Amino acid sequence: MPGHKTHERSLEELYRDDPERADALVWGRRGALKGAALAAMGASLGAAIPFARNAPPGFVPAAMAQGSGGPQLLRMDGKAQLIVLGERPLVAETPEHMLDDDVTPADKFFIRNNGQIPDPFTGDPRSWKITIEGEVNNRLELTLGELESRFEVVTRRLQMECGGNGRAAFNPQTSGNQWGNGAISNCEWTGVRLRDVLRAAGLKETGRYTGHHGVDNHLSAQGPAISRGMRIAKAMDEDSIIAFRMNGQPIPHIHGAPARLIIPGWPGSLSQKWFNRIEILAEPHRGRGMGGTSYRLPVRPIVPGSRNDGRDFADMESMPVRSVLTNIAHGTRLPAGTREVEVRGAAWAGDLTVRAMHVSVDFGATWQEVTLGQPHNRHAWQRWTGRVRLPSDGYFEIWYRATDSEGRMQPHAPANWNPQGYGANPVSRAAILVG
Ligand SMILES: Nc1nc2c(c(=O)[nH]1)N[C@H]1C(S)=C(S)[C@@H](COP(=O)(O)O)O[C@H]1N2
Ligand SMILES: [Mo]
């Protein structure tokens, strides 16, 4: 969000150059300067901060990190006004408050392209061909129509999240689209299980990895936009599917029509759009987006901001636990006297499930557990709902934090900094103003 960055940086500069003064200005810790200085920064909170005493030193209120310039909104037929993060290639994020449906409608589904958008396939979708080759006994070339009639057709709600979701939380900033938490979808996908198709092709002992291919080209027109692969075990998971319907409809072109892979819980880059070929390999795939620092995480933490060639990194697999708040937009103003607020959202944790969901309105001093639903099926996100009490009018932040089934929580600050910014899942914060 270009409009946002300038302001965020200047506030961060203030904190860097003179943290004590910055704190005094923002939180009024020494009282006097607060009002005037806030106005001078062009982002007056215009309200008392009842829990200011709980804010740790050097802490930037969420409302101020927002900046003043509004985001650029997507204008595209069949799509809601998503936040445009990039135009070439086209990348757009879903604001959290648009994710309030159990099943994400097509128009609210985030967009992530790595290259050119291919021309739509104009033939009968059932004649679209998919090739299965490599370390298999029988190379297969099947049309979508054949896939649908030869294999069991399944419908599952599956979360699909970009590997870079949450990237904007990293400091120092990393390269790549500056996602908030909105590179997530939870659609109802219909298709055939990848494992059934691989078994029909006859997997060889030597078939240990996959390589995924689609028809879209890199922006340079040199080679594919992206081509990633994974360990064969994930391909054999019952929830890894070759999908041809999304929410009961043909897949929209921008989301990969007529067929795409859905590899839930792992980086979205594995969920190949405009999917036409899968290779089974003895060694890890070497397509665009593999190796180096791409979709790979440090095994041992590195110095934030340092250079690294990623040689000792490991491929990112199951995504970390994360949550969104979906019924109240960040920056919402509520009527004076509001003392109770309903909060509602979704949470997920890659291949795991979410065990608990907590919220805080006093900058994390106290946390309250809220009601968490079960996933509709494995790899579907979970909805949560609760109520928070506010002691007075003023500026508050709703903090929300999920805990996965192995007890790992969203941390207070993004951990394991890496050059391309994967895996940032800190506690999220939405600013509200009462009165
Ligand atoms: N063919 C192709 N498949 C692709 C991509 C792409 O650029 N081309 N982007 C990947 C990435 S990085 C993500 S996060 C998801 C995004 O899917 P969406 O645009 O339907 O949200 O698709 C993945 N599959
Ligand atoms: Mo992605």
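**Ligand surroundings and domain contact**

Ligand 1 is surrounded by 19 residues (a heavy atom within 4 Å), the closest being Phe110, Asn114, Asp216, His255 and Lys273. The model is predicted, so local features need pLDDT of at least 70 and side-chain atom pairs pLDDT 80 or more, while totals for chains, interfaces and linings use all residues. Residues are numbered from 1 along each chain as its sequence is written, chains are lettered from A and ligands numbered from 1 in the order written, and side-chain values use heavy atoms, without hydrogens and water.

A side-chain N or O atom of aspartate 216 lies 2.6 Å from a nitrogen atom of ligand 1. For lysine 273, a side-chain N or O atom is 2.6 Å from an oxygen atom of ligand 1. Of the 530 Å² of accessible area that ligand 1 has on its own (Shrake-Rupley method, 1.4 Å probe), the protein covers 100%.

The domain assignment, automatic or from a database, divides the chain into domain 1 (11-65), domain 2 (87-315) and domain 3 (322-434). In the contact (heavy atoms within 4.5 Å), domain 1 supplies 15 residues and domain 3 supplies 16. Between these two domains about 1,100 Å² is buried (accessible area lost on being put together, 1.4 Å probe, summed over both), with 74% from carbon and sulfur atoms.

Technical notes
Polar contact = N/O pair within 3.5 Å; in protein donor to acceptor, adjacent residues only side chain to side chain.
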